[in-house]
Amino acid sequence: MQTLKKRIFHILRSQQFGRQWLEKEFFPETLRMKNALASRASLSTLAGRTICLLFYEPSTRTRISFQQAALKLGADVVATENAKEFSSAIKGESMLDTMRVINALAFDAVVIRADYEGAAEEAASVSQIPVINAGDGIGQHPTQALLDLFTIYEHFKRIDGLKVALVGDLKNGRTTRSLAYLLGKFNNIHFELIAPESLQMRQDILDYFKRHKISFNLGSNLMDVADKVDVIYMTRAQKERMKEGEPFDFAQGKGEGVRITKEVLKKIKKDAIIMHPLPRSNDFNEIPEEFTDDQRVVIFKQVENGLYTRMALLNMIVK
Ligand code: NCD
């Protein structure tokens, strides 16, 4: 008897993925895309399909990589780059109506980046075509987490047992939230959450860790854990998400404790990897330019894997 595979329809948040799907479907399909591009195989699995990219927040990597992924699979792309200003949102149109419009225009999938948490779920609630969350405010960024997971897996050939430091603005950064949920699906993961006190990880993730008996420590200085972890995931200060008067003061201290310095780099294990979703910024100066070529820094590998990941995802969800 043929077993029916559970198809992924929308991609909204990391919790939706099971370990089985990640290992048995996502990793192999992503690898297949990587090999296909390496051998210059011509892929046209999505010929005749049209993908809509609706971006309400700035994006370079995510938008271009989704666009490139769609084109590499033979799909057409209609993209709005600055939907907040250029679309009807400025006239007061709701996400629900925007989504009804997209659905009426014969698209085959829509990729949304929005400026508020829950936007992709809201969009999905009225959509007959797959909705992919490319970042919803301070909520999640599941496709980034998937490409991060693939990058980690490619390096270590396993996920179980890894020790991971999530570093920087953990309160406002959505990539570390999605990655925490995803890594939590594996066994014996240990997290070091390193952030300035006012920018620590929000309670919902800590509750998730506790519920699933996932081990974690809170800290504020990367130096303290640099020699104990396998993955160091750096992030920038999400300045645009901070309200005026918030306790984090850019004028003082800046990235103290959440930056790769010469001393920190010296402590980091030889076979560890240093990641970043990009963009790097000079507020924390998380990974200074001078360390870019250190062989543990895999930040552009992540970008590359983002293309394969998004090709794999589009292939899996677009009919
Ligand atoms: C991230 C994002 O938009 O959340 N960027 C990205 O998509 N690679 C990280 C960030 O903006 O800091």
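# Close-up views of a predicted model

**View 1. The loop that holds Ala-106.** Ala-106 is found in the loop that runs between helix 4 (95–104) and strand 3 (109–114). In this model, which is predicted, the phi angle of Ala-106 is near 60°, a positive value in a residue other than glycine.

**View 2. The shell of residues around the ligand.** Around the ligand stand Arg-61, Thr-62, Arg-113, His-141, Gln-144, Arg-174, Thr-175, Arg-236, Gln-238, Pro-277, Leu-278 and Pro-279. By class, this shell divides into three nonpolar, five polar and four charged residues. Helix 2 (61–72) and helix 7 (174–183) each supply at least two residues of the shell.

**View 3. Polar atoms facing the ligand.** Leu-278 takes part through its backbone, where a polar atom is 3.0 Å from a nitrogen atom of the ligand. Of the 320 Å² of accessible area that the ligand has on its own, the protein covers 95%.

**View 4. The largest pocket, with the ligand in place.** The ligand sits in the largest pocket, and the volume of this pocket is about 560 Å³. The pocket is lined by 31 residues, of which Arg-113, Arg-174, Arg-236, Leu-278 and Pro-279 are the closest to its centre.

**View 5. The lining of the largest pocket, by element and by class.** Helix 2, helix 6 (142–156), helix 7 and helix 10 (299–317) each supply at least two residues of the lining, and the largest share, five residues, comes from helix 10. Sorted by class, the lining of the largest pocket has eight nonpolar, 13 polar and ten charged residues.

**View 6. The cis peptide bond between Leu-278 and Pro-279.** The peptide bond that leads from Leu-278 to Pro-279 is cis, with omega near 5°. Pro-279 lies in the loop between strand 9 (273–275) and helix 10, and both Leu-278 and Pro-279 are among the residues around the ligand.

Technical notes: Residues are numbered from 1 along each chain as its sequence is written. This is a predicted model: local features need pLDDT of at least 70, side-chain atom pairs count only at pLDDT 80 or more; totals for chains, interfaces and linings use all residues. Side-chain values use heavy atoms; hydrogens and water are left out. A residue is near a molecule or strand if one of its heavy atoms lies within 4 Å of it. A polar contact is a pair of N or O atoms within 3.5 Å; within protein, one must be able to donate a hydrogen and the other to accept it, and residues adjacent in sequence count only if both atoms are side-chain atoms. Accessible areas come from the Shrake-Rupley method with a 1.4 Å probe; for residues, only the protein chains shown count as cover. On a 1 Å grid over the protein atoms alone, a cavity is a set of points where a 1.4 Å probe fits but cannot get out, and a pocket is an open set with protein on both sides within 12 Å along at least five of seven lines; lining residues have an atom within 4 Å of a point. A molecule sits in a cavity or pocket if more than half of its atoms lie within 2 Å of its grid points. Helices (H or I, at least four residues) and strands (E, at least two) are DSSP runs, numbered from the N terminus. Ala, Val, Leu, Ile, Met, Phe, Trp, Tyr, Cys and Pro count as nonpolar, Asp, Glu, Lys and Arg as charged, and the others, Gly among them, as polar. Grid points are joined across faces, edges and corners, and a volume is the space filled by probe spheres set on the points.
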